[in-house]
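Dear colleague,

Please find below the structure that I am handing over to you. A short account of the findings follows it.

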Amino acid sequence: MANKLLLEVVTPERKVVSEEVDIVVAPGELGEFGALVRHVPFLTKLKIGELRFKKDGVERYVAIMGGYAEVLPDKVTVLAPAAEEATDIDVIRARAAKERAERRLREAKDKLEFARAQAALQRALARLKVAERGSR
Ligand code: ATP
């Protein structure tokens with residue numbers, strides 16, 4: 001469709017989103033960016049965070065665990081190590097992951113353990129935020 005943009009969010013396990021949308025907003029490495037149809041092409045790394053898109057006036061939310069986005073005039077492709085739509089997020093699991101990561105942060109014995117725990121905490125917080133946004 002002329003005024004729509006194809007959004008594909010893909011992980012090694014599955015295709016999480018494949019939709020004709022009106023706008024995509026994603027957590028770029030250099031800050032959040034929005035893409036509409038006919039955007040100038042670019043490629044960016046993504047941060048762990050929230051991707052949202054609007055389709056026919058309805059906004060939907062996806063937790064993105066980093067990865068890359070390719071923006072083309074008629075298509076946005078996101079390749080991420082993991083991603084879940086708000087409605088697919090297991091909140092109890094994310095809360096447990098958050099608590100585990102906080103404990104690992106307190107008990108970390110070196111920089112690597114600390115960095116791993118920090119990344120796990122970021123993933124859990126992103127999932128909790130997106131799940132909450134999606135349930136409103
Ligand atoms: P956990 O410690 O709970 O496994 P994690 O951050 O280590 O969390 P990931 O490595 O990012 O998990 O993801 C592994 C797989 O599990 C992916 O397929 C991801 O989509 C899925 N996943 C992880 N956490 C959740 C969740 N809370 N709800 C739904 N799917 C999840």
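Which residue does the side chain of Arg-133 meet in a salt bridge? The partner is Glu-50, and the N to O distance is 2.8 Å. Please bear in mind that the model is a predicted one.

To place this pair in context, I begin with the domains. The protein is divided into domain 1, which covers residues 5–86, and domain 2, which covers residues 90–134. Their centres, taken over C-alpha atoms, are separated by 22 Å. Eleven residues from domain 1 and ten residues from domain 2 take part in the contact.

The area buried between domain 1 and domain 2 is about 860 Å². Carbon and sulfur atoms give 68% of this area. On the domain 1 side, Ile-48, Glu-50 and Tyr-61 supply 51% of the area that this domain buries against domain 2, more than any other three residues.

Two residue pairs are in polar contact between the domains, with both residues at pLDDT 80 or more. On the side of domain 1 that touches domain 2, strands β5 (42–55) and β6 (58–72) each supply at least two residues. The residues of that side divide into seven nonpolar, one polar and three charged.

I turn next to the salt bridges of the structure as a whole. The count comes to 13 salt bridges. One of them joins the side chains of Asp-22 and Lys-4, at 3.1 Å from N to O. Asp-22 lies in the loop between β2 (15–21) and β3, while Lys-4 lies in the segment before β1 (5–10), so the pair ties together parts that are 18 residues apart in sequence.

Finally, a word on strands β3 and β4. How many bridges link strand β3 with strand β4, and do they pair in the parallel or the antiparallel sense? Strand β3 (residues 23–28) and strand β4 (residues 31–35) pair in the antiparallel sense, over five bridges. Within this pairing, Val-25 has Gly-34 in β4 as its bridge partner. The two strands form a hairpin, with two residues between them. When viewing them, one general point may be of use: in a regular strand the side chains alternate between the two faces of the sheet.

With kind regards

How values were computed:
Residues numbered from 1 in each chain as written. Predicted model: local features only at pLDDT ≥ 70, side-chain atom pairs only at ≥ 80, totals over all residues. Heavy atoms only, no water. Pairing = 2+ DSSP bridges. Helix = DSSP H or I, 4+ residues; strand = E, 2+ residues; numbered from the N terminus. Domains from an automatic or database assignment. Contact = heavy atoms within 4.5 Å. Buried area = accessible area lost by both parts, 1.4 Å probe. Salt bridge = Lys/Arg side-chain N within 4 Å of Asp/Glu carboxyl O. Polar contact = N/O pair within 3.5 Å; in protein donor to acceptor, adjacent residues only side chain to side chain. Nonpolar A, V, L, I, M, F, W, Y, C, P; charged D, E, K, R; others polar.
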